[in-house]
Amino acid sequence: MKTRTVGGLVLAAGLIGSLVACAPAEETQSGDRELVIWDTGILGRTLESGEADLENSFIDQMAAKFEEENEGVTVTVVQQGGDISANSAQFQAASIAGDGPDIRVQYAGGPTISFAEFFEPLEPYLTPEIIESMSGFNVNREGFSADGAILGMPYGAGNMFTVFGNNAILEEAGIDPAEPITSWEQLVENGRQVVDRTDKNGFWMANLEGYVGAWIISALVGGELGESAFTQMYAGEIPVDDPAMVKAYEAYAELGQSGLANPDAGQVSNGESTAGFVNGSSAYYIVGSWENNNMVDAFGDDVSVSLIPMLEGAAYPKMAAGGPEIALSMTNYSQNKELAGEFLQFLAEPANQDQFVKLYQTQASNHRDADASLIENPLLQQEFTLLQEATDGIVFAFDSVMPQATIDLFYRVNAGVFLGSITPEDAVRQLADSYQAEIANQ
């Protein structure tokens, strides 16, 4: 793990067995207080050396500002590193031992709710005005219940799952990048046209971990079942093995076996995804709006963006996929709950949310009084125009809702279905079995 303290950068290697070094600190004899925050690379940025990138890291900038405004307070930010599953296992082990952080930053929805036993309800610490000023609290309520305890404060307006297009390659293939993509089938056919008419791939994918599959499946199922598809699955109102899940996996499997993507798609790690697309080998890149800045940096104006389109005949053709992404939670074993609550209120201030937008340009502010003029990235501007046209709503993704063990399995079966080693039917059966087991253990 990497730690950072304002007033001096500190690097510390850590394993699960040594997590006590990152435990929440009690007040010192001098009365000073330390707040420990674990981030999974969501709100923070690090340099290649592992040190905090203070110029570009939002959470580190906020930590420094909070220290300046609160004498005697030290805020230590810890970057867990590693992948989502490893981070979750690390946090769980630390929390069982009571040696985790005061505040944890993780993905909203299921990844937050799955750790309900370790999180403190936030209602006593967030004012009614804060709750009313921001959207997305509903996906962080225990059990996704309308009156469930708030286990995480949402941050940012959310990311959308998108399709970026290399305009030069599309034009070479005779495709107008400005022409809207109206269906999944049309997108695939465009990819085939690229392969037939150029020496490029239709799609660039880095699907070793199964993340691309997560974005595609979530979008396509949302088009079939509506924006509440996966929260209804979590509640048992729609079965996980609904035929719409199989239908979406069949479309995804067909893409994996179509020969339209880079041949090594199933072996390329997500960490290599952006570099693989910007090298100019492929026409389309299925990812999310978090790549906005990389796309503009690489292509300037010569890049287009669409939301992942739905299957032909979908019940909800004007659906978007994505939504609230970030949640900040307070641990129930924290020895500094009041201080942690003050820090969450501090982050909720409109000016600080605006700084998040200004710095990252990947999603808008989540505050009703946000300064919209701070959205400078042209792709982000286009995406929010597309959202206005997504009149069927925004489906909150499968891996933003389900129990953590089922999410981990989701990624694995996605990778397998793409390669053809797991059938769509078997993938859905495994997910349904995992969901039943996890719900039974709650």
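Tutor: A residue is called buried when its relative accessible area is under 20%, exposed when this is over 50%, and partly exposed in between, with a 1.4 Å probe and protein chains only. The model is predicted: local features need pLDDT of at least 70 and side-chain atom pairs count only at pLDDT 80 or more, while totals for chains, interfaces and linings use all residues. Residues are numbered from 1 along each chain as its sequence is written, and side-chain values use heavy atoms, with hydrogens and water left out.

Student: What percentage of the residues of the protein count as buried?

Tutor: Of its 442 residues, 58% count as buried.

Student: Why does Gly-323 count as buried?

Tutor: Gly-323 has a relative accessibility of 6%, and is therefore counted as buried. Gly-323 belongs to strand E10, residues 319–323, where strands are DSSP E runs of at least two residues, helices are H or I runs of at least four, and both are numbered from the N terminus.

Student: What is Gly-323 in contact with, leaving aside its neighbours within four places in sequence?

Tutor: Taking contact as heavy atoms within 4.5 Å, Gly-323 touches Gly-158, Asn-159, Met-160, Ile-394 and Phe-396. The C-alpha atom of Gly-323 is also separated by 9.7 Å from that of Val-139, which is 184 residues away along the chain.

Student: What does helix H6 reach from its first C-alpha to its last?

Tutor: Helix H6 (residues 184–197) has 14 residues and reaches 20 Å, close to the 20 Å expected. Among its buried residues are Trp-184, Leu-187 and Val-194, and the buried residues of H6 pack against several elements, including strand E6 (159–166), helix H7 (211–225) and strand E8 (282–288).

Student: Why does the radius of gyration of the protein agree with that of a compact globule?

Tutor: The radius is taken over C-alpha atoms, and the globule rule is 2.2 Å times the number of residues to the power 0.38. For 442 residues a compact globule would come near 22 Å, and the protein has 22 Å, so the two agree. Its C-alpha atoms fill a box of roughly 70 × 50 × 40 Å along the principal axes.

Terms used: The expected span of a helix is 1.5 Å times one less than its number of residues.
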